[in-house]
Amino acid sequence: MDALTQASRSGRAGRAWSGRLTGISPGVKLGLLALLALVCVLMFMTIQVKTDWAFVLQYRGSKLAAMVLVAYAVGVSTVLFHSITHNRILTPAIMGFDALYLLIQTSLAYVFGMQAVSTFSPTWKFAGETAVMVLMAFVLFRALFSGAVRSLHLMLLVGVVLGVLFRALTGLMLRLIDPSEFGSLQDRFFASFNVVAVDLLLASSVALVLLSLFLWRIRHSFDVIALGRDMAISLGVDYQKRVMQILFCIAVLVSISTALVGPVTFLGLLVTNLAYQFIGNMRHRYTLAASVLLGVVALVGGQLILEYVLGYNSALSMVIEFIGGMVFLLLLLSGKKH
């Protein structure tokens with residue numbers, strides 16, 4: 001089965017799932033998602049406001065900005081990762097990117113100590129961690145996208161093994177560091193949308209803008225790369241160079257989302273597959289935007305429900321990981337790789 005046939009079947013699967021929305025154009029569907037995301041944002045900023053607006057904008061605004069940035073970073077990175085791996089059940093987190101970031105965090109604490117690490121400039125610390133992560137990502141994952149590896153099961157195995165290795169090394173260093181530093185470091189291992197690294201919002205925003213400008217310049221190659229290596233080369237795309245560029249952007253995007261709120265393993269899997277099914281069109285001009293908007297709806301809307309309906313009775317990251325994990329198992333068992 002060639003790549004064009006596989007892409008066609010993916011589109012038909014999405015249109016079938018859409019059901020009643022089949023006759024609606026992808027542009028209109030994006031408009032509906034944008035409206036829903038806007039409603040969630042407005043409700044998050046205005047519901048039960050009983051204090052000064054300056055405080056509301058500072059407190060809720062920082063949380064909202066972090067959730068929007070995370071939704072953008074996770075949505076874009078996962079869609080692009082699907083394009084270069086040609087499988088819809090692989091995500092950067094499942095392949096070990098999040099575990100790699102946590103390993104870097106733990107290594108810094110082990111080598112320098114948490115007290116010394118806390119004195120580092122957050123912006124420069126973030127830049128250094130991102131640089132190390134990108135370098136290691138190139139070394140670790142270059143072979144997976146060189147054309148030599150085609151098996152989904154092998155790619156999953158490599159990702160799981162690397163993730164286990166990174167977490168094992170992290171656990172070893174956690175046992176060797178000072179017990180008083182263990183608690184403060186462990187807090188970074190779990191995603192929290194209530195405790196946001198506010199000092200990284202500006203640096204993350206600048207990095208996302210620069211990455212977006214670069215991705216916009218190469219946007220026309222995304223659909224071609226999704227057709228497969230041979231097809232992309234025959235259509236004149238420098239496949240290896242372009243995939244490495246996309247992988248660089250993915251590594252930075254994962255670093256941004258993890259630095260802001262912590263690791264969110266299955267958020268990308270959840271929102272991207274919902275986007276594919278809802279839009280019913282596999283072109284990146286639609287799937288990228290839909291994934292980001294669904295990420296905003298999931299994070300902001302989910303936080304609204306937890307805060308004002310459930311009263312903080314559970315953590316949003318736990319709910320997302322549970323639902324995303326179920327989606328991952330269903331996709332894996334059903335064999336829907338494309």
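**Figure 1. How much of the chain is buried.** Of the 338 residues in this chain, 51% count as buried. Keep in mind that what you're looking at is a predicted model. As for secondary structure, the chain has 15 helices and zero strands. Take the contacts with a sequence separation of 6 or more: 79% of them link residues 24 or more positions apart.

**Figure 2. A look into the largest nonpolar core.** This core has 80 residues, and the ones touching the most other members are Leu-80, Ile-246, Leu-260 and Leu-267. Helix α12, which covers residues 239–261, gives the most to this core, putting in 15 residues. There's also a second, separate core of five residues, with Ile-94, Phe-266, Leu-269 and Leu-331 among them. As a bit of background, nonpolar side chains tend to be buried together in soluble globular proteins.

**Figure 3. Where helix α3 packs against helix α14.** Here α3 (residues 53–85) and α14 (residues 284–308) pack at an angle of about 140°, and their axes are 8 Å apart. Angles over 145 degrees would count as roughly antiparallel, so this pair is called oblique instead. The crossing of the two helices is right-handed. On the α3 side, the residues taking part include Arg-60, Lys-63, Leu-64, Met-67 and Tyr-72. Across from them, α14 brings in residues including His-284, Thr-287, Leu-288, Gln-303 and Glu-307. Sorted by class, the contact of α3 with α14 comes to 14 nonpolar, seven polar and three charged residues.

**Figure 4. Zooming in on Ser-83.** Ser-83 sits in helix α3, and is one of the α3 residues that meet α14. Is Ser-83 buried or exposed? Its relative accessibility is 8%, so Ser-83 counts as buried, the cut-off being under 20%. If you skip its neighbours within four places in sequence, Ser-83 is in contact with Ile-225, Ala-226 and His-284. Of these, His-284 belongs to α14.

**Figure 5. Leu-201 and the residues around it.** Leu-201 is found in helix α9, which spans residues 201–217. With 12% relative accessibility, Leu-201 counts as buried too. Which residues does Leu-201 touch, not counting those up to four places away in sequence? They are Ser-62, Ala-65, Ala-66, Leu-69 and Leu-260. Ser-62 is 139 residues from Leu-201 in sequence, but in space the two are 8.0 Å apart, C-alpha to C-alpha. Another of the residues touched, Leu-260, has already turned up among the members of the largest nonpolar core that touch the most others.

Methods: Residues are numbered from 1 along each chain as its sequence is written. This is a predicted model: local features need pLDDT of at least 70, side-chain atom pairs count only at pLDDT 80 or more; totals for chains, interfaces and linings use all residues. Side-chain values use heavy atoms; hydrogens and water are left out. A nonpolar core is a set of buried Ala, Val, Leu, Ile, Met, Phe, Trp, Tyr and Cys residues joined through side-chain atoms within 4.5 Å. Buried means under 20% relative accessible area, exposed over 50%, partly exposed in between (1.4 Å probe, protein chains only). Helices (H or I, at least four residues) and strands (E, at least two) are DSSP runs, numbered from the N terminus. Axes are lines fitted to C-alpha atoms, for helices over the stretch in contact, and angles run from 0 to 180 degrees between N-to-C directions. Angles under 35 degrees count as roughly parallel, over 145 as roughly antiparallel, 65 to 115 as roughly perpendicular and the rest as oblique. A crossing is left-handed if the near helix is turned anticlockwise from the far one by less than a right angle, and right-handed if clockwise. Contact means heavy atoms within 4.5 Å. Ala, Val, Leu, Ile, Met, Phe, Trp, Tyr, Cys and Pro count as nonpolar, Asp, Glu, Lys and Arg as charged, and the others, Gly among them, as polar.
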